[in-house]
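Look at the structure below, beginning with the pocket and its lining and going on to the aromatic rings.

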Amino acid sequence: EKESITQCYFFEHQGQVYANHCVYENKGEYNNCSAALSRLDLKAGALVNQTTIKPPFPRQLNEKNWVMFSHDGRIVCRYSIEPYVLLEIDPESGQSSLLMKLDKAIDVPSSAAGPVYNSTNPIVWDDDHYITFIHQRFESLSPDDRNRLYLQYVLLIDRKTLAPVSFIPRPIITGGRESGRHRGVHYTMSLIVD
């Protein structure tokens, strides 16, 4: 079995830098994707202590687009938007427990783009909120074409309750104008508040 790491995101927790990322395992006829957590060893310039995260419910074949952040001394993971599911992660064992589940947390615009997925780790916006990006995507009309169109939305989360409090129902960023390998793909992966 061969592993590869993709979609690497970074956040600070208790004085350490962690990376939440996907690990793909080649299982022969298919690839199995798992969410994982590693610590960044700054001196070595490497990810160490990789732990595959175990959801507290039956896992899907592809577990990806999980976002994580440090909150009140815990690592919190937003597993999904619809439903809005938060998990607490133990970085040593990879075990997780359910913190919150809201069946309808935001009013997602109805469109052919389909479900909404996580894009960026939440970061502190102000004293009361975290900010994060989430996305929808339009699939290409051709089954062999990866030129999907991503629609990126902004979501504010209450820093006390961890529930969504504000959502901008219009995409802030979309792809489709840039040249490149997949011109419709503009996938926001990180945020900085300046």
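The lining of the largest pocket has seven nonpolar, five polar and five charged residues; Ala, Val, Leu, Ile, Met, Phe, Trp, Tyr, Cys and Pro count as nonpolar, Asp, Glu, Lys and Arg as charged, and the others, including Gly, as polar. A pocket here is an open set of points on a 1 Å grid over the protein atoms alone, with protein on both sides within 12 Å along at least five of seven lines, and lining residues have an atom within 4 Å of a point. The volume of the largest pocket is about 390 Å³, a volume being the space filled by probe spheres set on the points, with a 1.4 Å probe. Among the 17 lining residues, Gln60, Asn62, Lys64, Asn65 and Tyr117 are the closest to the pocket centre.

The model is predicted: local features need pLDDT of at least 70, side-chain atom pairs count only at pLDDT 80 or more, and totals for chains, interfaces and linings use all residues. Residues are numbered from 1 along each chain as its sequence is written, and side-chain values use heavy atoms, leaving out hydrogens and water.

There are five aromatic pairs, counted where ring centres of Phe, Tyr and Trp (its six-membered ring) lie within 6.5 Å, with planes under 30 degrees apart called stacked, over 60 edge-to-face and the rest tilted. One of them joins Trp66 and Tyr79 edge-to-face, at 5.0 Å centre to centre and 70 degrees between the planes. Trp66 lies in the loop between strand 4 (46-52) and strand 5 (67-71), and Tyr79 in strand 6 (residues 74-80), so the pair ties together parts 13 residues apart in sequence. Strands are DSSP runs of E, at least two residues, numbered from the N terminus. Both Trp66 and Tyr79 are buried, that is, under 20% relative accessible area (1.4 Å probe, protein chains only). Ring pairs also link Phe57 with Trp66 and Tyr79 into a cluster.

Definitions and conventions: Helices (H or I, at least four residues) and strands (E, at least two) are DSSP runs, numbered from the N terminus. Buried means under 20% relative accessible area, exposed over 50%, partly exposed in between (1.4 Å probe, protein chains only).
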